[in-house]
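Please open the structure in the viewer and follow the stops below in order.

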Amino acid sequence: MNKRLMRGSHVIGEAATLAGCRFYAGYPITPQNELPEYVAGRFAKLKDATFIQAESELAAINILMGASMTGARVMTSSSSPGISLKQEGISYIAGMELPTVIANIMRGGPGLGNIAPSQQDYFQATRGGGHGGYRTIVLAPYSGQELVTLTIKAFDLADMYRIPVILLGDGLMGQMMEPVVFPEPIDPATLPNKEWALSGAKGREGRLIASLLLDPIQMEQHNWKLARKYETICENETDSESYLLDDADIAVVAFGTAARIAKGAIDRVRQTGVKAGLFRPISLWPFPGQELKALTKRIRHVLVFEMNLGQMLEDVKLNVDQGTTVHFHARPGGIISTPQEIADVLIRLSYRRDLQQS
Amino acid sequence: MAKGFIRIDRNRCKGCGFCIIACPKQCIRLSEELNIKGYHPAEYTEAESRNDRDCTGCTLCAIMCPDVAIEVFRE
Amino acid sequence: MAKQVFARPESLKDNIFHYCPGCGHSIIHRLVAEIIDEFGIRDKTVGVPPAGCAVLAYNYLNVDMGEAPHGRAVAVATGLKRARPDFIVFTYQGDGDLAAIGTSEAIHAANRGENITVIFVNNGVYGMTGGQMAPTTLLGQTTTTTPGGREQVRDGYPLDLSQMLGIAAGSVYIERTSVTSPKNVQKTKKALKKAFQVQIDQLGFSLVEILSPCPTNWKVSEIEACKRIDELVAKSYPLKVIKDLTQEKAQG
């Protein structure tokens, strides 16, 4: 097995290339600058690969829109403020049903914020951050190896469902170096042909890819078509990890870097007899609500830990079994908790009467 | 000089008058009647079959017509 | 036996134009269709329409088309052309789309020398939304957002984007024409043809700015609108070749 020690941002760029992506448009913003830098170097060595440093994140998403119309696998990346700039484009892409992969390496906010890691864009990612009420698939890796598998999965899901897919990372993951294993590369020429793409009107009428539907009757039908697609995705594409939940009294619910920290905390408190486990959503949209509901029929205390003021918290509250107590620990603004900090929270929770061993 | 004639699609024409100005032989005028959209469409003043037509089939009217309402023929 | 010497171009669909009487858009659409036919490139031409009156350009031009958000057509065209360099890619934009919201994308695509063709229809107002001020509205011109006439202090000067794009290093051919008379229409066609040729020859960025009448929002008759362009608009936006490096590029 060929293990490579690589920075997270670079891993995403390499995985995208291996997935057959040959078109990247982006813009510098900390903490993901290393991603466009890596892709610039990587693509320069390939023929027929296009790297564009666009004049803005706004330009980048629109350049991607055009490239995606030709059926190519395309990607952009940015961090929180830059992702805000892309929202208009993402709405159009969702309406036009174009496959696109967008990596958001989150930083502290709101506004210019800071360059430290956060999870403050959960709402933006999972609630279709632009106008119009669409959805994007959101995948939340928590390790270098997941940056490999989920980046490749993002392209597959984007093509399969003709939908924008957001790869939601954060500054810590972007900078972190871990050993990773890459799969065999996919040759883009072997990817299935996209019948809907703009290919030149040879022997046929001109084809249109647009999101304008002036007739409200047609627009309603289009929205229902999207709704049916989203329902199918919800049925088939939820993903989560369960860690030490079989005998747990309390389940930490966390994603991404927060989940990494939580695992360390759980391992520590287990040594003192506290029976904690981790439920880690990997798909944030579709949220693994059914799995969480089933889990909380048995585990009646849940601790949500997020690096924001409580966003996934709302999805957790919507989905837990009735009567489950939801506790919450928030660290917004770019603070990285230590495993001990979360362990202390779990220990204090365990003092509650209903969590004491009888 | 060759002779020509034109055919104007009455219901496509919006009566903008560009063709009337463009025609060097003044062979086009606005109709007194309305077309289906409520415009006074342009109409060719000569009969196609007559030999004393002024129209030369120069196509200046069709070049100006925003609505591609004019077909031009030349002998 | 008479033969037909003027007919609808093949690449122009049969639909009746929704444009107002005397609107320049329909003339220009026809010219684009004629050029696509004459070059024989219908099966590899892709157009990017604007947000504006011509948003429905795909109802008339029978080529593949990809919609863009307002102002972003040049960026979308960049993506199309870079992903498929074999396509002939053009954008079709109004003065708001290109010279207000789309200025950044226009300048940078021209600067990068993107091998695309921009058709810039300048009618000095925002037509579709009801006649508001545009970047190319003249000083003193009445619009719905400049009811007393455009004032330099409050509203700024009219913008000459074509001139700015001429400065961008990657632009190769930029010309301004109008469609106010058969002679001007033919000149516009020649300019558009040259612009498409620049792309076919892979020389770089080309743009044709076309002064176009908007009788409805200027609140004048169709014929007066053409006169207004000839006598007034063309003084601020002179009809001329703004940049032409085709000879040098062809040799180099």
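How many residues of chain C are in contact with residues of chain B? In this predicted model, 22 residues of chain C are in contact with 24 residues of chain B.

**First stop: the side of chain C that touches chain B.** Select strand 1 (3-6), helix 1 (24-39), helix 7 (182-200) and helix 9 (222-236) of chain C; these are the elements that give two or more residues to the side touching chain B. Strand 1 of chain C supplies the largest share, four residues. Colouring this side of chain C by residue class shows 14 nonpolar, four polar and four charged residues.

**Second stop: the strands between the chains.**

Now select helix 10 (residues 289-298) and helix 11 (residues 312-319) of chain A, which pack at an angle of about 60 degrees with their axes 9 Å apart. Helix 10 of chain A is therefore oblique to helix 11 of chain A. The crossing of helix 10 of chain A past helix 11 of chain A is right-handed.

To inspect the contact itself, display Gly289(A), Leu292(A) and Lys293(A) in helix 10 of chain A, which meet Val316(A), Leu318(A) and Asn319(A) in helix 11 of chain A. The residues of this contact comprise three nonpolar, two polar and one charged.

Definitions and conventions. Residues are numbered from 1 along each chain as its sequence is written. Chains are lettered from A and ligands numbered from 1 in the order in which they are written. This is a predicted model: local features need pLDDT of at least 70, side-chain atom pairs count only at pLDDT 80 or more; totals for chains, interfaces and linings use all residues. Axes are lines fitted to C-alpha atoms, for helices over the stretch in contact, and angles run from 0 to 180 degrees between N-to-C directions. Angles under 35 degrees count as roughly parallel, over 145 as roughly antiparallel, 65 to 115 as roughly perpendicular and the rest as oblique. A crossing is left-handed if the near helix is turned anticlockwise from the far one by less than a right angle, and right-handed if clockwise. Two residues are in contact if their C-beta atoms, placed from the backbone, lie within 7 Å. Ala, Val, Leu, Ile, Met, Phe, Trp, Tyr, Cys and Pro count as nonpolar, Asp, Glu, Lys and Arg as charged, and the others, Gly among them, as polar.
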